[in-house]
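Please look over the structure shown below before turning to the briefing, which is arranged by topic for a reader used to working from coordinates.

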Amino acid sequence: MWNLPLTINIQGIDYAIRNKCDYRVVLDVIAALNDEDLETDNRIRCALFIFYEDLTGCKDLETAAKEMMKIINNGEEDTEQSEPEKPQIMD
């Protein structure tokens, strides 16, 4: 059984994830982040609004976004994609 988080703690406050982190929420977040009609800041704000039930009072939206992406990325930190690793050449 999956063990998905139901809340994310940001600066000592637990913020609930909408619909218990149902996959449809994640799909909506991805759609918002890819919406070319929105500016980048608005994409992130929309994604946060979709992902969290209520971020009222949250002063660290950057951490909220990073934690959201961490869950979407299966628990891994969001890293910039660079060139794929090349196979090691024989010495």
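The notes below go from the overall layout to the helices, the core and selected residues.

This is a predicted model, in which local features need pLDDT of at least 70 and side-chain atom pairs count only at pLDDT 80 or more, while totals for chains, interfaces and linings use all residues. Residues are numbered from 1 along each chain as its sequence is written, and side-chain values use heavy atoms, with hydrogens and water left out. The chain has three helices and two strands, where helices (H or I, at least four residues) and strands (E, at least two) are DSSP runs numbered from the N terminus. Read from the N terminus on, the elements run β-β-α-α-α.

**Overall layout**

- Buried residues make up 24% of the 91 residues in the chain; here buried means under 20% relative accessible area, exposed means over 50%, and partly exposed lies in between (1.4 Å probe, protein chains only).
- Of the contacts in the chain between residues at least 6 apart in sequence, 43% join residues at least 24 apart, a contact being heavy atoms within 4.5 Å.

- In helix α1 (residues 23–33), the buried residues are Val25, Val26, Val29 and Ala32. Seen down the axis of α1, these buried residues fall within an arc of 120°, so they line one face of the helix; the arc is that of the directions from the helix axis to the C-beta atoms.
- The axes of α1 and α2 come within 8 Å and cross at roughly 170°, which makes α1 roughly antiparallel to α2. Axes are lines fitted to C-alpha atoms, for helices over the stretch in contact, and angles run from 0 to 180 degrees between N-to-C directions; angles under 35 degrees count as roughly parallel, over 145 as roughly antiparallel, 65 to 115 as roughly perpendicular and the rest as oblique.
- On the α1 side, Val25, Asp28, Val29, Ala32 and Leu33 meet Arg43, Ile44, Cys46, Ala47, Ile50 and Phe51 in α2.

**The largest nonpolar core**

- Of the 18 residues in the largest nonpolar core, Phe51, Tyr52 and Met68 touch the most other members; such a core is a set of buried Ala, Val, Leu, Ile, Met, Phe, Trp, Tyr and Cys residues joined through side-chain atoms within 4.5 Å.
- Two or more residues of this core come from each of β1 (7–10), α1, α2 and α3, and the largest share, five residues, comes from α3.
- Not counting residues up to four places away in sequence, Met68 touches Ile8, Val29, Ala47, Leu48, Phe51 and Tyr52.
- Tyr52 is placed in the loop between α2 and α3 and is buried, with a relative accessible area of 1%.
- With neighbours within four places in sequence left aside, Tyr52 is in contact with Ile8, Ile10, Tyr15, Ala16, Arg18, Ala64, Glu67 and Met68.
- The C-alpha atoms of Tyr52 and Val25, which are 27 residues apart along the chain, are separated by 9.4 Å.

**Two residues of helix α3**

- Ala65 lies in helix α3 (residues 61–72) and is buried, with a relative accessible area of 16%; leaving aside neighbours within four places in sequence, Ala65 is in contact with Ile44 and Leu48.
- Ala65 and Ile44 are 21 residues apart in sequence and 7.3 Å apart in space, C-alpha to C-alpha.
- Lys66, also in helix α3, counts as exposed at 52% relative accessibility, and from C-alpha to C-alpha Lys66 and Glu77 are 7.9 Å apart in space and 11 residues apart in sequence.

**Cysteines and backbone**

- A search of the whole structure finds zero disulfides, a disulfide being a pair of cysteine sulfur atoms within 2.5 Å. Cys21 counts as buried at 6% relative accessibility, whereas Cys46 is partly exposed, with a relative accessible area of 31%.
- Gln11, in the loop between β1 and β2 (13–16), has a phi near 55°, a positive value in a residue other than glycine, and at 60% relative accessibility counts as exposed.
- Lys20, found in the loop between β2 and α1, has a positive phi near 55° in a residue other than glycine, and counts as exposed at 63% relative accessibility.
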